[in-house]
Amino acid sequence: MGKKLEFPQEFLWGGATAATQIEGAYDVDGKSLSIMEMIPFVELEDRKDLSKTRNLTMQSFLDSIENKKGLHYPKRFGNDFYHRYKEDIRLFKEAGLKIFRMSIAWTRIFPNGDEKEPNQKGLEFYRNVFEECKKQGLEVMVTMNHFDTPFPIIQNYNGWKNREVIDMYLKYAKVIIDEFNQYVKYWLPFNEINLGVLFSAIATGEEDASKSFVEKLAATYQELHHQFIAQAKVVEYSKKYEHIKIGCMVADTTTYPLDCNPINVLENQQKEQMKKFFYYDVMIKGEYPSYSKRFFKEIGVNLEMASGDLEILKNNPVEFITFSYYMSSTISKEMGELTEGNLMRLGKNPFLKATDWGWQIDPLGLRYTLNQLWDRYQVPLFISENGIGVLEKLNANNTVEDDYRIDYLGQHFEQMSEAIKDGVDLFGYTMWTPIDVVSAGSNEFSKRYGMIFVDYDDYHNGTGDRYLKKSYHWFKNFMETKEI
Ligand code: P53
């Protein structure tokens, strides 16, 4: 007999995915390529070191279009959801999921960004998917932009650096809200909006090697400002429909001071401010916080704002917070100043174990994070991603005995239930991910997160058939009993 956890009856249990990591069908029905589909798979000796995957230039993107070098671009193939969505949605439903978080590919709706009319074939695909969810009784949460800005917008308009892109995005957002508000109650304008500043190439456009670090940083904060405005304008537009809600999505980089040395405590506080609270502060409180003004001034970043921008932000905060939570890390002054190399460096924590990719597993950190966000913002919270990536193979019984995933999920669920007892208003959770997908960061198929195994390897060899892992059956039982 397991331990029984308490959750509200209406708690939204679900699973999360993203278009370029599942759909495939990159060149059908008028779709353009997004930036994500132009990053090749690179075999790594050290899975923790992703630097080799990041040699991205405008030339490498252009070369990828015709792919004369014969490289493999995994996000063009995903896990074949485009053709298998009915089976997948049925499997999600049978596992007991109540909500499915997915993203719409901008590249299917406005392939060049500047068309007058949306691509009907693209709308039709998503309508079919939503109809299927409705038939199976699954609620839907949609991410409007999950790192996958159409490449033509980057090539022809210089991506998010250009203010004009706000209007292109808004046109896209209005079309999908008008078309699909009957199916979709929860909308997230941008996935992990804080990652753009860390990985400009992935989230918002190319990296320009000729620029200095500060110039690049200034450019990414300018892109971010445009995304904040775009998101606020989506919130403004959404007021047309009473039954839909717009939330934000932040990669929660939960950090602790390495020790009780006040130097490290203060260092952690400053990192927390600029790496996470800054984003929530702008999107929830509707203003640039004071500490960010000092940061920008000292580093030499001058944001260009149009008149009215600050009012737009102030008048249109999001209604709920979502965040991804995979790990925590430590911060110390020793790690150095904010430099290019260590932007994402994760300080070790001797009390935690890490995955093969160096992601330190920390269920208690989830309760800590939930309390921190609730104390500070007092808006409903939703965990839009959480899970564990592992190298896995099917065994002789065509399954995977993924007890580590069962432990990971169960321990995180337990801390969620504790946070709810603490009084935190947590209304849902979508695991990353119910089914194996292409990895966002490393492009592998081998970094598997699913409860459902998909028979593809890193080069898209395989049948694509779906098999249930042990965690699938465990989760299904958890949905019925709430026992871990
Ligand atoms: P992958 C870094 C840190 C935290 C979350 O990531 C991140 C990333 C990007 O790698 O991204 C989110 O596949 C993202 C998903 C992604 C998932 O976390 O690199 O929203 O698209 O798949 C897991 O292991």
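Which N or O atom lies 2.7 Å from an oxygen atom of the ligand, and in which side chain?

Reply: A quick word on the ground rules. The model is predicted, with local features needing pLDDT of at least 70 and side-chain atom pairs counting only at pLDDT 80 or more, while totals for chains, interfaces and linings use all residues. Residues are numbered from 1 along each chain as its sequence is written, and side-chain values use heavy atoms, with hydrogens and water left out.

Now to your atom: it belongs to the side chain of Gln21, and it sits 2.7 Å from an oxygen atom of the ligand. That makes a polar contact, meaning a pair of N or O atoms within 3.5 Å (within protein, one must be able to donate a hydrogen and the other to accept it, and residues adjacent in sequence count only if both atoms are side-chain atoms). Glu192 also reaches in with its side chain, where an N or O atom is 2.9 Å from a ligand oxygen. Ala440 uses its backbone instead: an N or O atom there lies 2.7 Å from an oxygen atom of the ligand. On its own the ligand has 480 Å² of accessible area, and the protein covers 94% of that (areas come from the Shrake-Rupley method with a 1.4 Å probe; for residues, only the protein chains shown count as cover).

Strand E9 (381-385) is among the elements that the buried residues of H14 pack against, and so are H11 and helix H15 (403-422). Helices (H or I, at least four residues) and strands (E, at least two) are DSSP runs, numbered from the N terminus. Buried means under 20% relative accessible area, and in H14 the buried residues include Leu366, Thr369, Gln372 and Trp374. Over in H11 (residues 262-285) you'll find Lys276, which counts as buried at 1% relative accessibility. Beyond its neighbours within four places in sequence, Lys276 is in contact (heavy atoms within 4.5 Å) with residues including Thr369 and Gln372. Finally, just after H14, Gln378 takes a positive phi of about 55°.

How values were computed. Buried means under 20% relative accessible area, exposed over 50%, partly exposed in between (1.4 Å probe, protein chains only).
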